[in-house]
Amino acid sequence: MSQSNYQLFPINSQSTDPLDDADGNVDDCTTTNNRKKNILRWIILAVILILVIIVIIIIIVVVVNKKKSKEKATILIYNCSENSTGISTRKVLFIIADGIPADVLERAPIPNMKKIQEIGKYKRAYVGGDLGTYTQTATISAPGYINLLTGTWGNKHNVYDNKISDPNYNYKNIFRLIKEQQINETIGIFSTWLDNRVKLIGEGLPQAGNITFDFKFDGYELDLKNFPHDSQSLYINHIDQHVINETVKCITNNGPDASWVYLQYTDDMGHAYGDSPQMLDAINILDQQIGQIYEAIQCRIDQHKEEWLLVITTDHGRDIHTGQNHGGQSERERTTWIIMNHNETNNYFENFQPSIVDIMPTMMRFLNMKIPLESEREIDGIPLIGPVSLVKPDLNLNGNNLTIKWKTLNKTGNVKIWLSTTNLFKVGSIDNYTLIGNVSIENEIATFNIEKYDSKFYKIILDGEYNMVNKWIFR
């Protein structure tokens, strides 16, 4: 049976096709052709498979890139998207550009600051306290900064030079006032000089309120690796630009509720070259840097439901002779300036010369934050926005007759007049005030016999409907 099957189906049976040659070459050719066809088929399939894989890879890459682009766009939209809460948020940022007298700024090409002035206001201001009185303060950097921060003069904050050896933290700075009222409000500092944060503000010090900045970029003058010092102060220029870069990023991404930006290069050029092309070049650089900050603020104003108050000022002027020095009480050293992006200023700003101590109460009012009564009684500044009742208190003591004068700016209500014979606030306690009068604010003058308040020293508070002012007098 097996043999029969072998004969019927031979393994190597020959073809009977008449076209086959006698040597059996046709079978070999067919097999070869079949093999070639199979190889070709596999090659075609492999090519198709490779093409399919390539197409799949391309599709995956496109999808991933689109996803990344979408994620990137989402981040940008988040950074500049509208506030989903629908609540209007107010924020303040102030810039101290060191050592620029008003006359120099006014003749400098400053397109960005001019742009801010056009939508807001510019006004000459002053530093140095009231000339020849107990409030007179040196026209030096650190006193200028803390004048602004606390809204008080040197007789209160006790900073008279750049050593900052014994600041009186009982006179609270704006950041402390904000944090004590709203702990969740964010504060930022962007500065060349580390002492601004650790000494003037007193970050982390119990006597300064233990406040901590949410965003802090400063102390770069100590970084000799990234900012090696040179005799031309180019490192300060580089530090200022680094400060600006960090400020812009932080504003764009975080939008702190209150921020301080300090820039130093202009003062260095003033000391080195005085009234000079180098000083004007430094102001031109400053203007470009302020333009960067303003653009970041404008982005948040346009894209978020936020309102921003931007205040730009300087800490002192310069001497009249060379422009290289400052610290005295000449008119040029005392004359500064204020630029704001806010044009709804009050009649005090319009009709009087404001001062550096007016900036802090202005920012607090813009933020709709009330200054505690004990601190408000000590503030020497007047808000530059919103209604103001009275300004310019003046005292005269003749024997026991105390004559009080003031300038009325709003005739609404009366003025309450308070007297204290102590200055306990200076040491962290509370002064006892006695109400000695309640008169029409239109009178602009009142006289009182203070015989029963025997003292060598008097603190007088004039409390109007919209603001209060204080004045000291000594026997």
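In which helix does tryptophan 42 lie? Tryptophan 42 is part of helix H2, residues 25-80, where helices (H or I, at least four residues) are DSSP runs numbered from the N terminus. The model is predicted: local features need pLDDT of at least 70 and side-chain atom pairs pLDDT 80 or more, whereas totals for chains, interfaces and linings use all residues. Residues are numbered from 1 along each chain as its sequence is written, and side-chain values use heavy atoms, without hydrogens and water.

Tryptophan 42 has a relative accessible area of 62% and is therefore exposed (over 50%; buried is under 20%, partly exposed in between; 1.4 Å probe, protein chains only). Together with Leu40, Ile44, Leu45, Ile48, Val52, Ile56 and Ile60, Trp42 makes a nonpolar surface patch of about 790 Å². Such a patch joins nonpolar side chains within 5 Å, from residues with over 30% relative accessible area and no salt bridge (a Lys or Arg side-chain nitrogen within 4 Å of an Asp or Glu carboxyl oxygen).

Four cavities of 30 Å³ or more are present, a cavity being a set of points on a 1 Å grid where a 1.4 Å probe fits but cannot get out. The largest cavity holds about 70 Å³ of space. Its lining (residues with an atom within 4 Å of a point) comprises seven nonpolar, three polar and two charged residues, including Pro167, Tyr169, Lys172 and Arg176. Helix H5 (residues 141-150) gives the most to this lining, with three residues. Ten of the ten residues of H5 are buried. Just after H5, glycine 151 takes a positive phi of about 70°.

Definitions and conventions:
Patch = residues over 30% accessible without salt bridge, like charges linked within 9 Å, V, L, I, M, F, W, Y side chains within 5 Å. Areas by Shrake-Rupley, 256 points an atom, 1.4 Å probe, with all protein chains shown as cover. Helix = DSSP H or I, 4+ residues; strand = E, 2+ residues; numbered from the N terminus. 1 Å grid on protein atoms, 1.4 Å probe; cavity = no way out; pocket = protein on both sides within 12 Å on 5 of 7 lines; lining within 4 Å. Points joined across faces, edges and corners; volume = space filled by probe spheres on them. Nonpolar A, V, L, I, M, F, W, Y, C, P; charged D, E, K, R; others polar.
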